[in-house]
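The following questions and answers concern the terms applied to one protein model. Each answer sets a value beside the criterion behind the term.

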Amino acid sequence: MARSKTKNALVGAAAGLCALCGSPALAAPKVDLEARLAALEARVQTQEDIEAINKLTRAYGYYVDKQLWHEVVDTFSDHAVVEIAGRGVYRDRKGVDDLFRGSMGGGEIGLKPGALFNHMILQGVVDVAPGGKTAKARWRAFVQIAGYKQFALWSEGTYENEYVKENGVWKISKMHFFSTYYTPFDQGWAKVGMPNNGPSKTYPPSAPQSVQYDVFPGHYVPPFHYPNPVTGRVWTQEDTLKYSTQGMNPGPAGPPAQPGSPPPAPQR
């Protein structure tokens with residue numbers, strides 16, 4: 001709302017100035033003034049788009065917290081592609097529902113009593129494409145998973161997302177979450193690294209996991225969608241291979257570690 005008011009103020013002020021441009025003495029700067037106004041409007045619109053994407057992604061995190069999978073699914077476009085950890089690739093609206101409500105929620109909506117599934121979305125870097133119709137963003141998720149008196153896990157990972165603006169509304173069009181680690185709360189990552197989540201047999205993915213990568217004690221660097229903001233250097237797949245480990249995965253992909261379900265056996 002504040003940005004819209006700022007934009008309106010800019011337009012109003014510029015309109016007043018442009019009215020003065022009707023006099024012969026001020027006619028020459030009119031073209032430059034209009035170009036500057038157009039540039040300012042574009043910059044304001046980009047900032048509004050970034051804020052809308054920030055809100056969308058943070059809202060997604062809060063819905064995941066409480067396993068409100070119907071709300072989660074509504075944050076995606078109809079033809080979205082989603083991949084979470086090692087669960088495989090899910091496509092289109094049905095696939096997104098199969099992944100979240102089915103695979104992750106066991107077919108149910110809502111957090112069960114005694115369950116914890118905190119999903120904190122942090123450190124966003126959002127880039128809107130020229131034209132303002134698509135965007136990309138990188139985020140970090142810090143996760144706490146627990147079943148009361150059953151188990152407690154720490155987890156963390158990186159999102160590389162894509163977005164599309166449909167009828168003036170931003171939606172997630174592609175999501176890829178790369179797990180960094182899973183570890184028992186009482187032992188921590190210094191002692192135990194657990195395997196990545198694997199695919200669901202009840203709600204199978206549209207396609208297998210697209211990228212095989214190590215989780216802690218190994219590590220993987222998901223490709224950055226953006227160039228270095230200082231040097232302009234573009235990250236490459238060769239960089240990812242160079243700076244990622246291979247063969248340090250703590251074990252094969254295990255069953256999904258969800259509240260109310262026993263976690264995968266720790267790999268010591």
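Q: Which residues of H4 are buried?
A: In this predicted model, the buried residues of helix H4 are Gly 95, Val 96, Asp 98, Leu 99, Phe 100, Gly 102, Ser 103 and Met 104. The term is used because buried means under 20% relative accessible area.

Q: How do you know whether the length of H4 is close to or far from the expected value?
A: Helix H4 covers residues 92-104, which is 13 residues, and spans 17 Å from its first C-alpha to its last. At 1.5 Å a residue, 18 Å is expected, and the span of H4 is close to that. After the helix comes Gly 106, with a positive phi near 65 degrees.

Q: Why is Asp 92 called partly exposed?
A: The relative accessibility of Asp 92 is 38%. Partly exposed is the class between the cut-offs of under 20% for buried and over 50% for exposed, and therefore Asp 92 counts as partly exposed. Asp 92 belongs to helix H4.

Q: Why is Gln 67 called buried?
A: Gln 67 has a relative accessible area of 6%. Buried requires a value under 20%, so Gln 67 is classed as buried. Gln 67 is located in the loop between H2 and H3, and its phi is positive at about 55 degrees although it is not a glycine.

Q: Why is Gly 193 called buried?
A: The relative accessible area of Gly 193 is 9%. The cut-off for buried is under 20%, and Gly 193 is therefore buried. This glycine lies in the loop between S6 and helix H5 (237-243). Its C-alpha atom is separated by 8.1 Å from that of Val 215, a residue 22 positions away along the chain.

Q: How do you know whether the peptide bond from Phe 216 to Pro 217 is cis or trans?
A: Omega of this bond is near 20 degrees, and the bond is cis. Most peptide bonds are trans. Pro 217 is in the loop between S6 and H5.

Q: Why is S6 described as largely enclosed by the rest of the structure?
A: Twelve of the 16 residues of S6 are buried, so the strand is largely enclosed.

Q: How do you know that S1 and S6 pair, and in which sense?
A: Two strands pair if at least two bridges are found between them. Five bridges join S1 to S6, and the two strands run parallel. Within this pairing, Val 82 has Met 175 in S6 as its bridge partner.

Q: How many bridges join S5 to S6?
A: There are 14 bridges, and the strands run antiparallel. Lys 165 stands opposite Trp 170 in S6. The two strands form a hairpin with two residues between them, and Asn 167 in its turn has a positive phi of about 50 degrees.

Q: What makes S3 and S4 a pair?
A: Pairing needs at least two bridges, and S3 and S4 (residues 134-147) have twelve, in the antiparallel sense. The bridge partner of Ala 115 is Gly 147 in S4. S3 and S4 form a hairpin with five residues between them, and Gly 131 in the turn has a positive phi of about 100 degrees.

Q: Which residues lie nearest the centre of the second largest pocket?
A: They are Glu 160, Glu 162, Lys 174, His 176 and Phe 178, out of 18 lining residues. S1, strand S5 (151-166) and S6 each give two or more residues to the lining, and the largest share, four residues, is from S6. The space in this pocket is about 320 Å³.

Key
Residues are numbered from 1 along each chain as its sequence is written. This is a predicted model: local features need pLDDT of at least 70, side-chain atom pairs count only at pLDDT 80 or more; totals for chains, interfaces and linings use all residues. Side-chain values use heavy atoms; hydrogens and water are left out. The expected span of a helix is 1.5 Å times one less than its number of residues. Buried means under 20% relative accessible area, exposed over 50%, partly exposed in between (1.4 Å probe, protein chains only). On a 1 Å grid over the protein atoms alone, a cavity is a set of points where a 1.4 Å probe fits but cannot get out, and a pocket is an open set with protein on both sides within 12 Å along at least five of seven lines; lining residues have an atom within 4 Å of a point. Grid points are joined across faces, edges and corners, and a volume is the space filled by probe spheres set on the points.
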